[in-house]
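These questions ask how terms get attached to parts of a structure. Each answer sets a value beside a rule.

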Amino acid sequence: MFSSRVASFVYLLALAFLVQTAFGADTLFHFCSNSANFSAYDPYEANLKELTGYLSIQAPPKGFGLGSIGQKPNQAYGLALCRGDVSTPDCKTCVVEAGSEIRKRCPYNKGAIIWYDNCLFKYSNMEFFGQIDNRNRFYMWNLNNVSEPQSFNAKTKELLSELANQAYSNPKMYAVGEAELYGSNKLYGLTQCTRDLSSTECKKCLDGIIEELPTCCDGKEGGRVVGGSCNFRYEIYPFVNA
Ligand SMILES: *[C@@H]1O[C@H](CO)[C@@H](O)[C@H](O)[C@H]1NC(C)=O
Ligand SMILES: *[C@@H]1O[C@H](CO)[C@@H](O)[C@H](O)[C@H]1NC(C)=O
């Protein structure tokens, strides 16, 4: 249903974060699905528009929204998820921005997904709720190498695995935490799932992306595997609001 590419790109930590403003933060990534398209005045478009409006109201108070509008074959399914620490107004700003930006980037695709630091927005003409999205996924990493990759990689995996266990048993399906590194340095981590998943599927999704650590982020000071159903992030500096 969605593009099966697993994309990677290099993440320039210092830049990406400093240029963010309170308004339109930069898009991290998006995919347009080529499996089905619609044309102008297609009933699907009206359903998608209504769904986007609905999710921008439904998602912000709880940080997650899920919905479907219309009847088959023009039914549109979608979800919006904000990072667990994001406030209701910031969540709203992000979801509204995401809903408008993705339509510009994928104007005639029936399915699409877009990610920001603060939120994720996804829709499709096929029902996808409760299923782990293994197709839409990308990596980000910090260019800087750590000085002791072996012990650092082990610590990272340990922290993220612990946070995966916390996330799947939390109603918000979100966890953050930190671990001591050598010296006075600390490692900060985050895990999160979309709340359409069962807790078992959330755990499975997170375990799956944590297995990708050696591919995405071997010995890197920071990294993320970001998918349509779950994601993790780790850094050597704090990156969530307390
Ligand atoms: C949808 O449009 C894209 C881009 O124009 C095209 O590559 C793709 O084959 C189309 N998909 C279908 C199912 O027509
Ligand atoms: C990190 O290590 C890789 C692989 O050894 C190397 O290609 C890269 O230049 C290093 N990055 C920095 C910022 O030193």
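The model is predicted, so local features need pLDDT of at least 70 and side-chain atom pairs count only at pLDDT 80 or more, while totals for chains, interfaces and linings use all residues. Residues are numbered from 1 along each chain as its sequence is written, chains are lettered from A and ligands numbered from 1 in the order in which they are written, and side-chain values use heavy atoms, with hydrogens and water left out.

Q: How many aromatic pairs does the structure hold?
A: The structure holds 10 aromatic pairs. Rings of Phe, Tyr and Trp (its six-membered ring) pair if their centres lie within 6.5 Å; planes under 30 degrees apart count as stacked, over 60 as edge-to-face and the rest as tilted.

Q: Why is the pair of tyrosine 77 and phenylalanine 129 called edge-to-face?
A: The ring centres of tyrosine 77 and phenylalanine 129 are 5.8 Å apart and the planes stand at 75°, so the pair is edge-to-face.

Q: What makes this pair a tie between parts that are 52 residues apart in sequence?
A: Tyrosine 77 belongs to strand 4 (residues 76-82), while phenylalanine 129 belongs to the loop between strand 6 (119-124) and strand 7 (137-141), so parts 52 residues apart in sequence are tied together. Helices (H or I, at least four residues) and strands (E, at least two) are DSSP runs, numbered from the N terminus.

Q: Is tyrosine 77 buried or exposed?
A: Tyrosine 77 counts as buried because its relative accessibility is 4%. Buried means under 20% relative accessible area, exposed over 50%, and partly exposed in between (1.4 Å probe, protein chains only).

Q: Which kind of aromatic pair do tryptophan 115 and phenylalanine 138 form, and how do you know?
A: Tryptophan 115 and phenylalanine 138 are edge-to-face, with 4.8 Å centre to centre and 65° between the planes. Tryptophan 115 is in strand 5 (residues 109-116) and phenylalanine 138 in strand 7, 23 residues apart, and the pair links these distant parts of the chain. With 2% relative accessibility, tryptophan 115 counts as buried; phenylalanine 138, at 0%, counts as buried too. Both belong to one aromatic cluster, formed by Phe29, Phe31, Trp115 and Phe138.

Q: How do you know that the charged end of lysine 110 sits over the ring of tyrosine 44?
A: The rule asks for NZ of Lys or CZ of Arg within 6 Å of the ring centre and within 35 degrees of the ring normal. The charged end of lysine 110 sits over the ring of tyrosine 44, 5.2 Å from its centre. Likewise, the charged end of lysine 122 sits over the ring of phenylalanine 128, 4.2 Å from the centre.

Q: What makes cysteine 205 and cysteine 230 a disulfide?
A: The distance from S to S is 2.1 Å, and a disulfide is a pair of cysteine sulfur atoms within 2.5 Å. By this rule the count comes to six disulfides. The link of cysteine 205 and cysteine 230 is left-handed, with -90° about the S-S bond. Cysteine 205 lies in helix 5 (residues 199-210) and cysteine 230 in strand 11 (residues 230-235), so the pair ties together parts 25 residues apart in sequence.

Q: Which hand does the link of cysteine 193 and cysteine 202 have?
A: The link of cysteine 193 and cysteine 202 is right-handed, with 80° about the S-S bond. Their sulfur atoms are 2.1 Å apart, and both cysteines are buried.

Q: How do you know that cysteine 216 and cysteine 217 are joined?
A: A disulfide joins cysteine 216 to cysteine 217, with 1.9 Å from S to S. Cysteine 216 counts as buried at 4% relative accessibility, and cysteine 217 is buried with a relative accessible area of 2%.

Q: Which residues surround ligand 2?
A: Leu143, Asn145 and Lys220 surround ligand 2; a residue is near a molecule if one of its heavy atoms lies within 4 Å of it. A polar side-chain atom of asparagine 145 lies 2.4 Å from an oxygen atom of ligand 2.

Q: Why does asparagine 145 count as exposed?
A: Asparagine 145 has 53% relative accessibility, so it counts as exposed. Asparagine 145 is found in the loop between strand 7 and helix 4 (149-168).

Technical notes:
A polar contact is a pair of N or O atoms within 3.5 Å; within protein, one must be able to donate a hydrogen and the other to accept it, and residues adjacent in sequence count only if both atoms are side-chain atoms.
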